[in-house]
Amino acid sequence: VRGEEQEKQWALLMRAGNAGDGDSYRRLLLLLTPVLRANARRGLAPAGMADTDAEDVVQENLLAIHLKRQSWDEEAPFGPWLRAIARHKMIDALRRRGRRITLPVDDFSEVLTDGGAEPDMLVADVGRHLEFLPPGQRTIVQAIAIDGASIADAVARFSMTNGAVRVALHRGLSALARKFRTEEP
Amino acid sequence: VKTDDLIRALAADCATRPMSLRRPFTMAMIPGVAIAFAFISRFSDRGRIFWGCSRNRDFCLRCAFLFCSLHLPHDWSCVLASRALKFAAPPPACDRSRPAGAGILAELLSVPAGLWSQKLIGTNALVCLKSIPFLGLAPLAAILFCLRQGAPEHPALAGAAAGLLAGAIGAALYATHCRTIRRFLSRSGIRWRLPSSPPLALF
């Protein structure tokens, strides 16, 4: 029952986010992160992979959720959509490392609570792909993701139009996700 | 990049609303089907579609019927088919398989029983075997391109459905050209002709 309420809340936030409400969307991603993290750690632990690898998978999941969010049917439950993404991203991660492992179908209603903290030292995360981005996209993604600038800040700092910043950010994020997919083991 | 920072960047990108899957699908299918259509009109010996339309009544009728069966409400295409076949008024509950069924029945009645198997298989089955996958290639590429933008829960099933749809498009286009089914219904003196029934049934 707890899981159902949780999914309803996710769906509510996602609908708001898809309607353009950035705050709700951010809250949703923050809520999903511990769930994804617990799921990733549980999936990677049997393969002997560290929590830092799990964080890699979490970030890849977040990117996928973001870039595919239009594919969620607003009338449909949110959980299965999320699980499909998480399962495929997990399989991708294991495949990249060349493991052959059968993966249990995860149930997010039994979320572990220990997935809260993010590891301090990140050896592998989306950051390492930043250098492969074209310079324009890299500066924008860096400014917003690392320096914490808002869109308006970036507009002022790089004297670009609002639309150009948004396009560069969106393309940069898409390119990051693509880099993940094509990464060599 | 810390995960929280990434989330901030994603939230900032929230206003950039990606298109729903419906539009990319339409946009990709137009060139996909157009390419296949170009192939069939290029390689078909009767394929000077746009120039020789008046001399190409079979082809036009088939295209028209295919179009009707895809776009008209079920009852309309049914009425159309039964009018065309000079049948009695269609039964009130009429689904899309009826016109195809009626066409097959009329064909069977108009052809001597001994020729049924020959008519069924046709004389250029090998050509058809090669052409249909070939014609389906461009639509298949378009469909797969669209599927990549989604998150199918069962990728294998989604791929199979994509293949089936592409095959159906290929078969439908091939049916506008195939010689064997050109003589469809012609012996009974009925002037309207159906396109071959398999693509109709698939749609």
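**Close-up 1. The start of helix α2 in chain A, from a predicted model.** Here we're looking at A:D21 and A:D23.

**Close-up 2. α2(A) along its length, with a bend at A:L32.** This helix takes in residues 22-44 of chain A, 23 residues in total. From first C-alpha to last it reaches 31 Å, close to the 33 Å you'd expect at 1.5 Å a residue. Look for the bend of about 25° at A:L32. A proline follows within four residues of that spot: A:P34.

**Close-up 3. α2(A) crossing α3(A).** The partner helix here, α3(A), is made of residues 51-67. The two axes come within 8 Å and cross at roughly 135°, which makes α2(A) oblique to α3(A). As for handedness, this crossing is right-handed. On the α2(A) side, the residues in contact include A:Y25, A:L29, A:L36 and A:L44, and A:L32 is one of them too. Across from them, α3(A) brings in A:V57, A:V58, A:L62 and A:I65, among others.

**Close-up 4. α3(A) crossing α4(A).** Now α3(A) meets helix α4, residues 78-96 of chain A. Their axes come within 10 Å and cross at roughly 135°, so these two helices are oblique to each other. The crossing is right-handed. Among the α3(A) residues in contact are A:V57, A:N61, A:A64 and A:I65. From α4(A), the contacts include A:W81, A:L82, A:I85 and A:R96.

**Close-up 5. α3(A) packed against α1 of chain B.** Here the partner is in chain B: helix α1, residues 3-12. The angle is about 5° and the axes sit 10 Å apart, which makes α3(A) roughly parallel to α1(B). Chain A contributes A:E55, A:V58, A:Q59, A:L62, A:L63 and A:H66 from α3(A) to the contact. Chain B supplies B:T3, B:L6, B:I7 and B:L10 from α1(B).

Methods
Residues are numbered from 1 along each chain as its sequence is written. Chains are lettered from A and ligands numbered from 1 in the order in which they are written. This is a predicted model: local features need pLDDT of at least 70, side-chain atom pairs count only at pLDDT 80 or more; totals for chains, interfaces and linings use all residues. Side-chain values use heavy atoms; hydrogens and water are left out. The expected span of a helix is 1.5 Å times one less than its number of residues. The bend at a residue is the angle between axes fitted to the seven residues ending there and the seven starting there. A polar contact is a pair of N or O atoms within 3.5 Å; within protein, one must be able to donate a hydrogen and the other to accept it, and residues adjacent in sequence count only if both atoms are side-chain atoms. Axes are lines fitted to C-alpha atoms, for helices over the stretch in contact, and angles run from 0 to 180 degrees between N-to-C directions. Angles under 35 degrees count as roughly parallel, over 145 as roughly antiparallel, 65 to 115 as roughly perpendicular and the rest as oblique. A crossing is left-handed if the near helix is turned anticlockwise from the far one by less than a right angle, and right-handed if clockwise. Contact means heavy atoms within 4.5 Å.
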